[in-house]
Amino acid sequence: MKSVAGTLAAPFPYFGGKSLACETVWAALGDPENYVEPFAGSAAMLLGRPNVGKVETINDADGFVANFWRAVSLDAAEVARHVDWPTNEADLIARHSWLVRNAPGLLQRLEADPDYYDAKVAGWWCWGACNWIGSGWCSGTGPWQHDGEKLVDARKLPHLGNAGRGVNRKLPHLGNAGQGRTHYIYEWFGALQDRTRGVRVAVGDWQRVVTESVTVRHGLTGVFLDPPYTKGAMDYAAGGVGGELAYKVRAWCAKNGNDKRLRIVLCGHAGEHDALLQA
């Protein structure tokens with residue numbers, strides 16, 4: 001339930017998560033009245049914040065991510081009920097297929113209604129993310145792929161060689177060994193609900209949540225930007241993979257970096273955004 005820094009952790013693994021950088025980032029951002037995280041993912045930076053802000057907004061272009069955080073903030077117990085399931089390869093493949101088939105409708109409903117969420121989708125997605133190995137979870141590629149000549153079985157075993165990740169990881173000492181994993185999961189999700197209850201969750205393009213109406217209109221604003229990087233195969237964001245998207249984010253930072261109403265942290269590989277230091 002706790003990260004290495006002692007703050008609340010996300011219950012699923014996420015490629016590119018920044019939990020280890022929380023102390024450094026929040027030292028730079030301070031304690032702004034308003035906080036915006038346009039590329040939320042596991043929301044590691046939000047969860048690692050020392051204090052709860054007056055206004056907080058997270059966003060992700062991935063409907064599964066946005067739905068998870070909405071569902072947890074409004075009905076964590078129901079999400080936990082669907083998360084609480086043993087590792088089972090047949091269920092992993094079946095649920096992956098079901099989630100991929102339902103993805104288009106989910107995104108449409110999330111975009112149409114800011115209060116909409118699906119707890120079952122959130123729970124199954126989280127459970128699968130903790131069992132799935134490598135990339136491709138809910139990517140739409142499916143377990144069967146064509147190699148140019150024939151269909152091949154591209155299914156992967158779930159995590160069996162270790163204690164697991166996220167909700168499947170080794171349990172800490174809970175004080176009562178008889179309570180077990182179910183109690184631990186519900187307790188964890190209850191803590192997540194308490195933390196995110198007042199957080200606004202948007203789904204869509206990152207630029208929608210860095211306008212004045214979302215940022216400085218609410219006071220001094222901290223903005224944490226963690227887009228896919230220009231180098232490497234970072235495919236964790238549905239909004240784009242590196243390159244053009246990272247350049248657009250950097251351009252926004254260059255344009256708004258001198259605004260005294262904003263405190264901006266931009267993530268990237270070493271040297272990737274050095275041009276901002278000369279702006």
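This is a predicted model: local features need pLDDT of at least 70, side-chain atom pairs count only at pLDDT 80 or more; totals for chains, interfaces and linings use all residues.
**Helix α5**

I began with helix α5, residues 119-131, and checked its length. At 1.5 Å a residue, its 13 residues should span 18 Å, and I found the end C-alpha atoms 18 Å apart, which agrees.

Next I looked up burial, taking under 20% relative accessible area as the cut-off. In α5, 12 of the 13 residues are buried, so the helix is largely enclosed by the rest of the structure. Among the buried ones I noted W124, W125 and W127, along with C126 and C130; G123 and G128 are on the list too.

What do the buried residues of α5 pack against? I found three helices there: α3 (63-83), α4 (89-112) and α6 (180-196).

I also looked at how α5 starts. D118 caps the N-terminal end, with a side-chain oxygen 3.0 Å from the backbone nitrogen of K120.

**The sheet**

Then I turned to the strands. Five of them form an open sheet with parallel pairing, in the order β5-β2-β1-β6-β7. The edges are β5 (200-203) and β7 (262-266); each has a single partner strand, so one side of each is left without a neighbour in the sheet. From one strand to the next, the twist averages 15 degrees.

I took a closer look at one pair. β1 (residues 34-37) and β2 (residues 55-60) run parallel and are joined over four bridges, and I found N34 opposite V55 in β2.

**Helices on the sheet**

Notes:
Residues are numbered from 1 along each chain as its sequence is written. Side-chain values use heavy atoms; hydrogens and water are left out. Helices (H or I, at least four residues) and strands (E, at least two) are DSSP runs, numbered from the N terminus. The expected span of a helix is 1.5 Å times one less than its number of residues. Buried means under 20% relative accessible area, exposed over 50%, partly exposed in between (1.4 Å probe, protein chains only). Contact means heavy atoms within 4.5 Å. A polar contact is a pair of N or O atoms within 3.5 Å; within protein, one must be able to donate a hydrogen and the other to accept it, and residues adjacent in sequence count only if both atoms are side-chain atoms. Two strands pair if DSSP finds at least two bridges between them. Axes are lines fitted to C-alpha atoms, for helices over the stretch in contact, and angles run from 0 to 180 degrees between N-to-C directions.
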